Amino acid sequence: MTKFSMPSLATACGLAFMLTVSATGNLAIAAGGDGGGSGDAVKCKAGMTYNKDKGICEPTSMLDDRELYEQGRALALAGHYENALEALNAVRNKHDSGVLTYIGYANRKLGAVDTGIAYYHQALAIDPNNLNTREYLGEGYIAAGKVDLAQVQLAKLETLCGKGCDQYEALSAAIAGEPEHWGGL
């Protein structure tokens, strides 16, 4: 089994990633918050799940929705958008603001901005006060050239959390054209 660590942004955010390729060619990406690479969320090839005891991907029962969400969110935030979508699309209960938000986020980051925006609207229908969804929707509007709609989301964020919250600051930087502060697209 070959293991590669994936430092950088993930490490800076307090996440540890471990890419594992077994002798049979199965691939797993582990994402965990402990910094040790043991991983509390893992993405394998379709139809496979990670066996922590064996350290490989193998056909097993599916992860529960919470694990799939956490894994998908961690993968999306680390820039592994296609893998994130696999995990998030496997969630059985899609009536969840967080799941829909990160499906939208991964789609937007892959360039499907309109699809991402549609998922954000679904998420906000469930939880209109979701700060991350409001920020990402605003960023989606910027990517679509609709800065006026992004400013509406900024005003909503100001009402919900004030000018000092991370989401307000990130969307404000995006509107100001400072992609180094919000990651672009």
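1. In this predicted model, the side chain of Asn130 reaches the backbone nitrogen of Thr133 at 3.0 Å. A polar atom of that Asn130 side chain also lies 3.1 Å from the backbone nitrogen of Asn132. Asn130 itself sits in the loop between H5 and H6.

2. Is Asn130 buried or exposed? Its relative accessible area is 14%, and buried means under 20%, so Asn130 is buried. Leaving aside residues up to four places away in sequence, Asn130 touches Ser97, Thr101 and Leu124. Leu124 is one of the buried residues of H5.

3. Helix H5 covers residues 113–126, 14 residues in total. From its first C-alpha to its last it reaches 20 Å, close to the 20 Å expected at 1.5 Å a residue. Its buried residues are Val113, Gly116, Ile117, Tyr120, Ala123 and Leu124. Seen down the axis of H5, these buried residues fall within an arc of 120°, so they line one face of the helix. Asp114 and Ala125 are exposed on the other side of H5.

4. Which helices do the buried residues of H5 pack against? They pack against helix H4 (97–109), helix H6 (131–143) and helix H7 (147–161).

5. Helix H7 has 15 residues and a reach of 21 Å from its first C-alpha to its last, close to the 21 Å expected at 1.5 Å a residue. Ala150, Gln153, Leu154 and Leu157 are buried in H7. Viewed down the axis of H7, its buried residues fall within an arc of 105°, so they line one face of the helix. The exposed residues Asp148 and Thr159 are carried on the face of H7 turned away from its buried side.

6. The buried residues of H7 pack against H5, H6 and helix H8 (166–175). Just after H7, Gly162 takes a positive phi of about 85°.

7. The count of disulfides comes to 1. Cys161 and Cys165 form this bond, with their sulfur atoms 2.0 Å apart. How exposed is each of the two cysteines? Cys161 has a relative accessible area of 25% and is partly exposed, whereas Cys165, at 13% relative accessibility, counts as buried.

8. The aromatic pairs come to a count of 6. In one of them, the rings of Tyr102 and Tyr136 have their centres 5.8 Å apart and their planes at 75°; planes over 60 degrees apart count as edge-to-face, so this pair is edge-to-face. Tyr102 lies in helix H4 and Tyr136 in helix H6, so the pair ties together parts that are 34 residues apart in sequence. Tyr102 counts as buried at 2% relative accessibility, and Tyr136 is buried with a relative accessible area of 8%.

9. Tyr136 also pairs with Tyr105. Their ring centres are 4.7 Å apart and their planes stand at 50°, so the pair is tilted. Tyr105 lies in helix H4 and Tyr136 in helix H6, so this pair ties together parts that are 31 residues apart in sequence. Both Tyr105 and Tyr136 are buried.

10. Which residues do the ring pairs link into a cluster? They are Tyr69, Tyr81, Tyr102, Tyr105, Tyr120 and Tyr136. Among them, Tyr120 is a buried residue of H5.

Methods:
Residues are numbered from 1 along each chain as its sequence is written. This is a predicted model: local features need pLDDT of at least 70, side-chain atom pairs count only at pLDDT 80 or more; totals for chains, interfaces and linings use all residues. Side-chain values use heavy atoms; hydrogens and water are left out. A disulfide is a pair of cysteine sulfur atoms within 2.5 Å. Buried means under 20% relative accessible area, exposed over 50%, partly exposed in between (1.4 Å probe, protein chains only). Helices (H or I, at least four residues) and strands (E, at least two) are DSSP runs, numbered from the N terminus. The expected span of a helix is 1.5 Å times one less than its number of residues. The arc is that of the directions from the helix axis to the C-beta atoms. Contact means heavy atoms within 4.5 Å. A polar contact is a pair of N or O atoms within 3.5 Å; within protein, one must be able to donate a hydrogen and the other to accept it, and residues adjacent in sequence count only if both atoms are side-chain atoms. Rings of Phe, Tyr and Trp (its six-membered ring) pair if their centres lie within 6.5 Å; planes under 30 degrees apart count as stacked, over 60 as edge-to-face and the rest as tilted.
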